[in-house]
Amino acid sequence: MQFSSGRARLKLGRLAGDRRELYPHSLQFYLEPPTENISLVEFESFAIDRLKLLKVVENLGVSYVRSSDAYKTKLVNELRKLKFPYKALAEDDYEARRKDHISHFILRLAYCQSEELRRWFLQQEMDLLRYRFNELTDSLRQKFLEHVNLSFEAISEDVKSELANELYASTPGLSTIKGKEQMFYKVGLADAVDLFRARRVFIKDGFAYVPLKEIDAIVLNNYRTKLSKALALTARSLPSVQSDERLQPLLNHLSHSYVGPDYSVQKNTGKISLEQIDALSVKSYPLCMRQLHKALRDNHHLRHGGRMQYGLFLKGIGLTLEQALEFWKKEFIRGKVDADKFDKGYAYSIRHNYGKEGKRTDYTPYSCMKIIMSNPPSQGDYHGCPFRHSDPELLKQKLQSYKIPPSGITQILELVKGMHYQLACQKYFELTHDVDDIGFSLNHPNQYFAESQRLLSGGRELKKELSNSGNSQQKSNSQESMNSSSTPTSSNTTADAEMEGLEAYFTED
């Protein structure tokens, strides 16, 4: 893949008619990498759009049965919000197919870097292919199977009538009425071994007669094998790609990427009093921040990882620089740090946090992906993601102490076992706020706080209540957050790079 200016890309776009044969079908197994020129702007834009799509696929795949009408309806609605060209993928649309092709290979580069990333990418891409394959018409489905060299032929009505009794008897859950509507495919026995072993298909003359509802399993197994091998090969060749100084920071950022609002500017700045924080930590903090706040109150100290994670979160929910200095100083001097040591050893780093020292960068609160994927806690630390970094038994005890019902704890631990850490946090939100479906994908601790306050206050803006620490109301319409999340800013990449410089100021424990 090469890079060109945006103007050159537009010129090439006019010649797209000569290259429509590159994408003769709406779906593919992504066997051939793209070879055309592409601008760095388009590179990043395509990657972020597909990453948003895969995040939605992950969220819905855990929350709903994948074949259900509710799953399909939710996915269609989310795809509309993300403005991904999903409908065009079933039509003769070169630009949509081109974007689908290129964006897959960009994320393949970003997500081949570790076993955990490869596993996540593989699962979401398989779920996306399953949905798109099942949405194809009969004719397009047949063309796709031929395109990927899967010689599965749909049997004629005459053959189906001739074998009707055998097909109904050999296919679980298939009634005579449903059988008349069901399409069957004649599949080589080697491709249907799993179905044959499970006695789910009729076998005759070395062929399995597979109903449409089972054919997607064969297609997906084939796709999984090819993509898994391709990811391993891509990982082996990654060093040569990372030597390109233009690509390395982009790929590293994508694999830890958060594409929503950065919460660096808050309308409620100064509207939260220090007296409200203890109450807010119980009602509206995500588990990671609630853990940090409790550790700070208990120990009157946090090590540098905890101070960075919690300090930037507090900045994001509205604490001013003056409030932050007062908050940290009051707590630290209750422990082993006197006022003079705090002013000399810690105050500078807090001012730096707010962009008042050093490079004067306006640092942004950590996203869920950054907390999960970087700087894991060691002994004596309290930062990180409790769902990712805590021992399951300790996590269970913590949830019990917070009065989470046993059935809810079981659900959370199942999500953690499946490595769906953000969805586990989402389930924690639902259980602590007594809602069945929060209606959004949780990607940021400050998003958790904002949505909690919006829910608890009925959508009204946060009012400053110095005299009442128990009632805090925050953040107007969540639609603003949803709109801004669809427009990623390049400043996030810069801020992540700049953040490394900030860590030097938090070295004193």
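**Cysteines, helix packing and loop residues**

Cys 288 is buried, with a relative accessible area of 9%. In this predicted model, the cysteine sulfur closest to that of Cys 288 belongs to Cys 425 and lies 6.3 Å away. Because a disulfide requires two cysteine sulfur atoms within 2.5 Å, the separation of 6.3 Å between Cys 288 and Cys 425 is too far for a bond. A search of the whole structure likewise returns 0 disulfides. Another cysteine, Cys 112, also counts as buried, at 1% relative accessibility.

The protein chain has 509 residues, of which 50% count as buried. Its secondary structure comprises 27 helices and 4 strands. When contacts between residues at least 6 apart in sequence are considered, 70% of them join residues at least 24 apart.

The packing of one helix pair was examined. Two packed helices are described by the angle between their axes and the distance between the axes. Helix α4, formed by residues 94-110, packs with helix α11, formed by residues 212-236, at an angle of about 55°. The axes of α4 and α11 are 9 Å apart. The two helices are therefore oblique to each other, and the crossing of α4 and α11 is right-handed. On the α4 side, the contact is made by His 104, Arg 108 and Leu 109. These residues meet Tyr 223, Leu 227, Ala 230, Leu 231 and Thr 234 of α11. By class, the contact of α4 with α11 contains 5 nonpolar, 2 polar and 1 charged residues.

The relative accessible area of Ser 281 is 5%, and the residue is accordingly buried. Apart from neighbours within four places in sequence, Ser 281 is in contact with Arg 290 and His 293.

Backbone geometry was also considered at two loop residues. Asn 375 has a positive phi of about 50° although this residue is not a glycine. Asn 375 is placed in the loop between α20 (368-373) and α21 (386-389), and is partly exposed, with a relative accessible area of 40%. Met 419, likewise a residue other than glycine, has a positive phi near 65°. The loop that holds Met 419 runs between α23 (406-417) and α24 (421-433). With a relative accessible area of 29%, Met 419 is partly exposed.

Key: Residues numbered from 1 in each chain as written. Predicted model: local features only at pLDDT ≥ 70, side-chain atom pairs only at ≥ 80, totals over all residues. Heavy atoms only, no water. Buried < 20%, exposed > 50% of the residue type's maximum accessible area, 1.4 Å probe, protein only. Axes fitted to C-alpha atoms, helices over the stretch in contact; angles between N-to-C directions. Parallel < 35°, antiparallel > 145°, perpendicular 65-115°, else oblique. Left-handed = near helix turned anticlockwise from the far one by under 90°. Contact = heavy atoms within 4.5 Å. Nonpolar A, V, L, I, M, F, W, Y, C, P; charged D, E, K, R; others polar.
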